[in-house]
Amino acid sequence: MPGERVRVVEDAAKNKRVILGPGLRRLDDKVVASKAGPLRHKDPNTFWVDNYQRRYVPARGDLIIGIVKARVGDLYRVDIGSADTAAISYLAFEAATKKNRPDLNPGDLLYARVLNANADIEPELVCVNSNGKRGKLGVLQDGFFFKCSLNLARLLLRESCPALAALTDEMPFEIAVGVNGRIWVKAHSMRETVGLANAIMSLEQAGYAEIDKICGDLNSVMQT
């Protein structure tokens with residue numbers, strides 16, 4: 001619960017450096033919860049609180065899917081589902097220069113990373129990694145875009161989640177999952193793409209114990 005001292009994390013911090021994720025906060029030499037929910041742990045030393053929340057709160061390093069809203073000078077305003085719109089510079093793309101600017105239009109989907117997130121300034125995005133390469137980031141072309149809960153997005157991004165592996169066994173596809181509760185998928189046909197989206201949304205109300213069962217029968221879900 002909020003304000004509750006989390007001694008498990010404090011004990012782990014005595015022997016090694018730990019990373020505090022969403023829902024945890026350090027106060028002097030104590031670690032307390034700032035949100036209500038179950039405590040989660042990822043090896044080797046990451047802890048967070050799995051909290052059900054409606055609105056996305058930007059955090060540095062998050063992978064998100066944004067919608068371009070407008071161009072203002074050298075910046076693009078991007079809707080990322082948070083209280084404030086984010087900004088991305090035309091130089092935040094691979095090989096971008098003053099003469100070679102990205103061609104972005106209102107309504108375009110961006111798969112980007114949060115570079116800066118502070119309560120006092122608007123979030124800043126980039127579409128390149130530390131080496132200046134785009135990797136899987138950038139404009140998402142075609143495909144099917146839909147929204148989900150923040151919990152489902154975090155679930156799909158977990159390495160131990162069997163959902164994406166089970167879906168890959170059914171058909172080849174492309175997917176981009178944003179921590180802000182937005183998903184983009186693309187398969188060979190529109191029918192397969194919509195079926196894929198239905199299969200993912202079937203996990204929305206599933207608990208951790210039910211995911212394996214649902215993933216084992218995803219073929220029937222995709223045909224509905």
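D62 is buried yet takes part in no salt bridge, and R113, the nearest side chain of opposite charge, is 7.5 Å away. Buried here denotes a relative accessible area under 20%, exposed over 50%, and partly exposed the range in between, with a 1.4 Å probe and protein chains only. A salt bridge requires a side-chain nitrogen of Lys or Arg within 4 Å of a carboxyl oxygen of Asp or Glu. For charge, Lys and Arg count as positive and Asp and Glu as negative, while His and the chain ends are not counted.

The model is predicted: local features need pLDDT of at least 70, side-chain atom pairs count only at pLDDT 80 or more, and totals for chains, interfaces and linings use all residues. Residues are numbered from 1 along each chain as its sequence is written, and side-chain values use heavy atoms, with hydrogens and water left out.

D62 is located in the loop between β5 (46-49) and β6 (63-72). Helices (H or I, at least four residues) and strands (E, at least two) are DSSP runs, numbered from the N terminus. Apart from its neighbours within four places in sequence, D62 is in contact (heavy atoms within 4.5 Å) with Y56, V57, A112, R113, V114 and V179.

D62 also belongs to the lining of the largest pocket: 35 residues line this pocket, and G21, P22, W48, D62 and R154 lie nearest its centre. Two or more lining residues are given by each of β1 (19-20), β2 (24-27), β4 (39-42), β5 and α2 (150-157). The largest share, 4 residues, comes from α2. The space in the largest pocket is about 1,000 Å³. On a 1 Å grid over the protein atoms alone, a pocket is an open set of points where a 1.4 Å probe fits, with protein on both sides within 12 Å along at least five of seven lines; lining residues have an atom within 4 Å of a point. Grid points are joined across faces, edges and corners, and the volume is the space filled by probe spheres set on the points.

**Salt bridges**

The count of salt bridges comes to 4.

| R101 | D74 | 3.4 Å |

D142 is exposed, with a relative accessible area of 59%, whereas K186 counts as partly exposed at 28%.

**Cysteines**

The number of disulfides, defined as pairs of cysteine sulfur atoms within 2.5 Å, is 0. The sulfur of C127 has its closest cysteine sulfur in C148, 19 Å away, and is therefore too far for a bond. C127 is buried, at 1% relative accessible area, and C148 also counts as buried, at 13%.

**Positive phi angles**

D142 has a phi near 55°, a positive value in a residue other than glycine. This residue is in the loop between β11 (138-140) and β12 (144-147).

A95 likewise is not a glycine, yet has a positive phi of about 60°. A95 lies in the loop between β8 (86-89) and β9 (109-118), and is exposed, with a relative accessible area of 55%.

**A residue of helix α4**

E192 is placed in helix α4 (residues 190-201) and counts as partly exposed at 25% relative accessibility. The C-alpha atoms of E192 and E94 are separated by 31 Å, the two residues being 98 residues apart along the chain.
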